[in-house]
Amino acid sequence: MSPTSGFSRQAAIAGIGATEFSKDSGRSEWRLACESVLAALADAQIGVEEVDGFALFTMETNPEIAVARALGIPELTFFSRIPHGGGGACAPVQQAALAVASGVADVVVVYRAFNERSGHRFGQGPPSFAYVHNTDQEYRNWINPYGLLTPAAQEAFLARRYMHKYGATSADFGAVSVLSRKYAASNPKAWFYQRPITIEDHQSSPMIADPMRLLDCCQESDGGQALVIVSAERARDLPHRPALISGAAQGVGPQQISMSSYYRDDIDAMPEVELVAQQLWRQAGLGPQEIDAAILYDAFTPMLLLQLEEYGFCERGEAKDLIASGALEIDGRLPVNTHGGQLGEAYIHGVNGIAEAVRLIRGTSVNQPAKSIDNVLVTGGSPVPHSALVLSADH
Amino acid sequence: MSAPAADSTATDPAYEQRLAAFVGTELQPPTPGPDPVNVPMIRHWVEAMELTNPVHLDADAARATGRADVVAPAAMVQAWVMRGYAATVRPTASAGRFQELVDLLAEGGYTSVVATDSDLEILRELVPGDRVSVEEVVEEIGPEKRTGLGVGRFVTTLKTYRDAEGEVVATQRWRTLRFRPQEKPAPAEPTAVRPRPAINRDNAFWFDAAREHRLVVQRCSDCGALRHPPGPMCPECRSLAWDTVTAGGEAVLYSWVVAHHPRHPAFESPYLVAVVELAEGTRLITNLVDLDAADLEVGMPLRLRWLDADPDLTLPVFGPADQED
């Protein structure tokens, strides 16, 4: 296959930068945004005044105009914000690639910065804006009055069906958590640095939304992560090896209702993810067999199994066997979440995972596999309107 | 004579004696303030209190009134001897007699406190450089009284403020009510209600029907397709015309979660939230009642019940199929 999409490999992630990841940053979300954007620009060795675009996704509390104002960026020609929170985590990079490839902007910055642990915690229930009388949050009318209040509980319905259908167990989910904590244990930036767990730890962790245990749930974190996207041509003149954006896609599936699409034929499949996968392979001219490593969105462990299947790394129901085979380990066929994921490193709404994919392409991950890494898949949250990327080395 | 009520004012004579022994004694020995009277602290006070009298900061204005220099605001006398925030929240040494009195009052059940009045008498104005100290003596511990806050005793102390020469510059009669907090009767209504649905033109019919204990499903008037959750248009044929069918109440269990965390005050954790498939074919999110999590199985039959959660919210819930509501 060869690339068929007009923007494939035309843009690259040239800079990554982050604050520390913590449980209490002690400073404003706005400041975290500014710090991480500056760090990413410094990494790319691009001047602040050159930034002319921002692409964000919702649940970001720092508008691009506030960050532009604080940083003294004089003009922006491109700015966008993708809906659906973590599902859209990779979509701003697509926006940036489209803008750069089409010449609408030259330097587009993506960031996520929040105090999600010390401030409003998504795991504590619906935010105040959940109770508006328009269509935006309408889906909550059918779940909130029954006490279905958190992402963990909303995704537990899928996990239960998946277990029922394929015989997966809580320990199969736990294997994901153990692996993530193993990677995190050797990542100094990870909250769970030097704190690996065993499957017994997972199995004895308390139920949060049965069948999901505490150690099936990602962390809640404070921190900021930013990315700088420029043309591939420009990126080749910058200090780091470019992470070319060879595929970038979004997807909404049939009868999509945010994270509660419970009225479809089967709720243990994720058609929006499959739709994204098909686009990525077509855009990049690649298939799952050419993906060397993956950063799969791991807000909750069961979703990692479902994504392995939707992206074609194994057949439906076989993800547990793929994981048990060691394929996701550092020396395996498909190292996954080498930074420790959101379970182990930090929950920066998926954007810290994009940075790890860039490091894998550069060859600078703290858990860099020995083999050559040419193509890395990065995914956003599921089962919500979804997004994902393929980042590639420049050969 | 009837038995004393729980909040009786009858008290133990021995206890009365121990209280009386405090009267006339010193709660706090003469204690100097940490800093002499000074202009920076005066300035903070003047700004915070929005005082307009210039004699506190403007030496010329003070002299024009016959004073030698600026003077501290009279009500500030207490501020010069305050022990500071850190010592207040983290007392280091034993708090001495004052703590003994607090402990004795607590022994009588008077665990709550409210300040009632403070009579300040100023004998001379303080000027920068003055070193102020304070001592406190118990003047009176009153008999037990029934007040709006609860049964308690008024405790009056006298604070005497002196300068470096030992001359009295001010006195303060300080009265507090030490009382037993009244037990509040349990509220008739639960304090927390379930999260509200946001009713609008697209969904009001469903919640209205629920209040009448009717579980309805929206139906396209043109092609007959059922849909839930409701919407303005039929996704099968784009018709805007619709009516409803009333579900018979038979369903099977499709999936469920046992919700443990976070705890919400309207729900008793853990509780069961389920996806059920109605016999009519549409799915519904609901709660399961009279069922144990350990007994649940995908596909098990269920029967509709109604939960009148509060005066404004009625919801369909499901229980075992072999039990009538």
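Q: Hi! In what sense do β5 of chain A and β10(B) pair?
A: They pair in the antiparallel sense, over two bridges. The strand from chain A covers residues 207-210. Keep in mind that this is a predicted model.

Q: Okay, and which residue stands opposite B:Val258?
A: That's A:Asp210. B:Val258 itself sits in β10(B).

Q: Let's zoom out then. How many residues of each chain are in contact?
A: On chain B there are 39 residues in contact with 37 residues of chain A.

Q: How much area do the two chains bury between them?
A: About 3,200 Å², and 62% of that is on carbon and sulfur atoms. B:Tyr254, B:Arg283 and B:Ile285 supply 19% of the area that chain B buries against chain A, which is more than any other three residues do.

Q: Why would anyone quote an area for an interface?
A: The size of an interface is often given as the accessible area lost when the parts come together.

Q: Back to the contacts. How many salt bridges and how many polar contacts are there between the chains?
A: The salt bridge count between chain B and chain A is zero. For polar contacts, 16 residue pairs turn up across the interface, with both residues at pLDDT 80 or more.

Q: Which parts of chain B supply the side that touches chain A?
A: α6 (204-211), β10 (250-259), β11 (271-278), β12 (283-288) and β14 (313-320) of chain B each supply at least two residues. The largest share, six residues, comes from β10(B).

Q: And what classes of residue are on that side?
A: There are 26 nonpolar, nine polar and four charged residues on the side of chain B that touches chain A.

Q: New topic: β4 of chain A. Is that strand mostly covered or mostly open?
A: Mostly covered. β4(A) spans residues 108-115, and eight of its eight residues are buried.

Q: Which residues are on which side?
A: A:Val108, A:Val110, A:Arg112 and A:Phe114 are on one side, while A:Val109, A:Tyr111, A:Ala113 and A:Asn115 are on the other. Both faces of β4(A) are covered.

Q: Nice. Which strands pair with β4(A)?
A: One is β2 of chain A, residues 53-57, which pairs with β4(A) in the parallel sense over three bridges. Another is β7 of chain A, residues 222-231, which runs antiparallel to β4(A) and is joined to it by eight bridges.

Q: Which residues partner A:Val109 in those strands?
A: A:Phe54 stands opposite A:Val109, and in β7(A) the bridge partner of A:Val109 is A:Val228.

Methods. Residues are numbered from 1 along each chain as its sequence is written. Chains are lettered from A and ligands numbered from 1 in the order in which they are written. This is a predicted model: local features need pLDDT of at least 70, side-chain atom pairs count only at pLDDT 80 or more; totals for chains, interfaces and linings use all residues. Side-chain values use heavy atoms; hydrogens and water are left out. Contact means heavy atoms within 4.5 Å. Buried area is the accessible area (1.4 Å probe) that two parts lose on being put together, summed over both. A salt bridge is a side-chain nitrogen of Lys or Arg within 4 Å of a carboxyl oxygen of Asp or Glu. A polar contact is a pair of N or O atoms within 3.5 Å; within protein, one must be able to donate a hydrogen and the other to accept it, and residues adjacent in sequence count only if both atoms are side-chain atoms. Helices (H or I, at least four residues) and strands (E, at least two) are DSSP runs, numbered from the N terminus. Ala, Val, Leu, Ile, Met, Phe, Trp, Tyr, Cys and Pro count as nonpolar, Asp, Glu, Lys and Arg as charged, and the others, Gly among them, as polar. Two strands pair if DSSP finds at least two bridges between them. Buried means under 20% relative accessible area, exposed over 50%, partly exposed in between (1.4 Å probe, protein chains only).
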